[in-house]
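This report describes an annotated segment and a contact between domains. The sequence and structure are shown first.

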Amino acid sequence: MNCDEFVELVTAYLEGALDEATQQRFAAHLSECDGCERYLDQIRQTVQTLATLPPHSLGGQARDRLLEAFREFHR
Amino acid sequence: MAVEVVVEAAPGGAIQTDAPLIDAELAGRLRGGDEKAFAELLDGWSQAMLRVARGYVSSDQTAEDVVQETWLAVIRGIDRFEGRSSLRTWVYRILVNIAKAHRARDSRTVPWPALAEDDTAPTVDRGRFQSADEPYPGHWRRFPMVWPSPETDVVAHEVRDTIEAAVAELPQRQRLVLTLRDMHGYSAVEVCEILEVSPQNQRVLLHRARAAVRARLEEYFGRPSTGGGEAR
């Protein structure tokens, strides 16, 4: 497997979606190529950072109105 | 009868309700008027719901309206949840239907792109790899540079800003898939159900989105002021 093929398979690999033959070629290339190991690691880091971004919640007024509507409905 | 419900927080704080037992418990609490349960869903799901709604309609305000209407419909219609899908998927189906109805009424809306993006183009510039007449065709010309670890809060903050900017610039469907999968921790199955895309399509969109965001980070780290690492 070449690097230009490897980089297009990283997501399928992380999803566990590669067929066995491709998985083996991918793993073999990964063990031989520092550049691709670094690329895969950077994709992982990107995903990890995405997971830590702070969430914005629903605005205060909208939230209050909905809670009130919920209360009203169940009164 | 008090039952302890374990509700897991996925990345980004989204409440996981994939388990039928948890769903049944939550639905029961909602039917019973448990405000705390409703508030948890409101706080846990609304941000992602806003993003999805915004993918269908032409303004932030309309997206907010869609989310509000969705929650009102959930309040009134929770008795109709039968557990055939997950509670979250059920809520999102309502959301998508309401969003589509708004879109149909709004003459300004750009049509939902079918396969408007080029799904087959390489996600890494071919120029990064050696060509046929070079010693190792298909291999990196130069390895990707090493990324520094964010050593200060300022750098960590800039990294997050860079990522947010990159996500905002993604084509719509890539942005939605990346947001739901990687920011909110939704499963691939659930994302396919919510966005009505095939598993294959979902993976392609996720792949393209991640590669684009990674490339933006690489650009950021490569700037002289952020002390770019060695290239090989």
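**Annotated segment of chain A**

The model is predicted. For this stretch of chain A, residues 3-36, the unreviewed UniProt entry lists "domain: Putative zinc-finger".

**Domains of chain B**

Chain B comprises domain 1 (8-107) and domain 2 (121-221). Taken over C-alpha atoms, the centres of domain 1 of chain B and domain 2 of chain B lie 28 Å apart. Domain 1 of chain B contributes 21 residues to the contact, and domain 2 of chain B contributes 13 residues.

**Buried area**

The size of an interface is often expressed as the accessible area lost when the parts come together. Between them, domain 1 of chain B and domain 2 of chain B bury about 1,500 Å², of which 50% is on carbon and sulfur atoms. Of the area that domain 1 of chain B buries against domain 2 of chain B, 29% is supplied by Arg51(B), Arg88(B) and Thr89(B), more than by any other three residues.

**Polar interactions and composition**

Two salt bridges are counted between domain 1 of chain B and domain 2 of chain B. Lys100(B) forms a salt bridge with Glu196(B), with the closest N and O atoms 3.0 Å apart. Five residue pairs, both residues at pLDDT 80 or more, are in polar contact between domain 1 of chain B and domain 2 of chain B.

On the side of domain 1 of chain B that touches domain 2 of chain B, the elements giving two or more residues are helix H2 (35-56) and helix H4 (87-105) of chain B. H2(B) provides the largest share of that side, eight residues. By class, this side of domain 1 of chain B has nine nonpolar, six polar and six charged residues.

Definitions and conventions:
Residues numbered from 1 in each chain as written. Chains lettered and ligands numbered in written order. Predicted model: local features only at pLDDT ≥ 70, side-chain atom pairs only at ≥ 80, totals over all residues. Heavy atoms only, no water. UniProt positions renumbered as here; feature names shortened; annotations may be inferred. Domains from an automatic or database assignment. Contact = heavy atoms within 4.5 Å. Buried area = accessible area lost by both parts, 1.4 Å probe. Salt bridge = Lys/Arg side-chain N within 4 Å of Asp/Glu carboxyl O. Polar contact = N/O pair within 3.5 Å; in protein donor to acceptor, adjacent residues only side chain to side chain. Helix = DSSP H or I, 4+ residues; strand = E, 2+ residues; numbered from the N terminus. Nonpolar A, V, L, I, M, F, W, Y, C, P; charged D, E, K, R; others polar.
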